[in-house]
Amino acid sequence: MLSPADRRALGGLHDSKQMSAEQRDELYPAVLRAAARVSVVVRCARGIDERGLHVTNLEALSSALERLRPGDAACLVDGFALRACAVPHRAVIEGDGTSAAIAAASVVAKVTRDRYMRDAAREHPGWGFDEHVGYSTPEHRAAIERIGISPLHRRSFQSVAYAQLELA
């Protein structure tokens with residue numbers, strides 16, 4: 001049973017892209033307490049470079065659904081049908097703005113990624129991973145121009161900063 005505080009917090013679920021990092025961090029524990037199951041799948045930069053970002057995202061989402069073993073539960077996914085996924089599901093365009101379940105999954109994904117990036121900043125200082133948490137910012141592009149790319153950077157990503165480097 002959810003506490004009244006968790007119910008109030010979950011009432012604030014909406015498109016996680018429109019929420020601040022602080023709002024997502026506040027919702028994260030309530031989402032975890034409300035969820036029957038959670039599955040997070042992470043893919044490395046090299047794998048993304050080999051298969052492409054879109055294909056890798058769809059594979060990761062399929063894998064997450066299959067790990068959850070939802071049984072008879074209705075499964076909604078944000079944006080794209082997963083052709084290779086064995087779990088019955090329905091794609092919802094702009095789902096994180098219309099489905100609480102998809103919005104909750106997006107909060108878990110973004111908070112997990114942000115925490116990973118803050119940890120990565122300690123192992124790979126100089127790129128400001130703790131500040132931009134994986135998004136291209138002018139400061140991040142300047143760091144790439146100044147010190148090159150790290151093992152965490154995708155070599156297939158196209159940006160002005162990358163174009164100025166020789167990526168053999």
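Helix H4 (residues 53–68) has 16 residues and should span 22 Å at 1.5 Å a residue, in agreement with the 23 Å between its end C-alpha atoms; the expected span is 1.5 Å times one less than the number of residues. Helices (H or I, at least four residues) and strands (E, at least two) are DSSP runs, numbered from the N terminus. The model is predicted, with pLDDT of at least 70 needed for local features and 80 or more for side-chain atom pairs, whereas totals for chains, interfaces and linings use all residues. Residues are numbered from 1 along each chain as its sequence is written, and side-chain values use heavy atoms, without hydrogens and water.

Thr 56, Ala 60, Ser 62, Ala 64 and Leu 65 are the buried residues of H4, where buried denotes under 20% relative accessible area, exposed over 50%, and partly exposed in between (1.4 Å probe, protein chains only). Their cover includes helix H3 (45–51) and strand E1 (76–78), contact being heavy atoms within 4.5 Å. Just after H4, Arg 69 adopts a positive phi of about 45°.

Eight salt bridges were found in the whole structure, each defined by a side-chain nitrogen of Lys or Arg within 4 Å of a carboxyl oxygen of Asp or Glu. Within helix H3, Arg 46 and Glu 50 lie four residues apart, about one turn of the helix, and their side chains form a salt bridge (3.2 Å, N to O). Both residues, Arg 46 and Glu 50, are exposed. Arg 51 pairs with Glu 59 in another salt bridge, with the closest N and O atoms 2.8 Å apart. Arg 51 is partly exposed because its relative accessible area is 36%, and Glu 59 is likewise partly exposed, at 34%.
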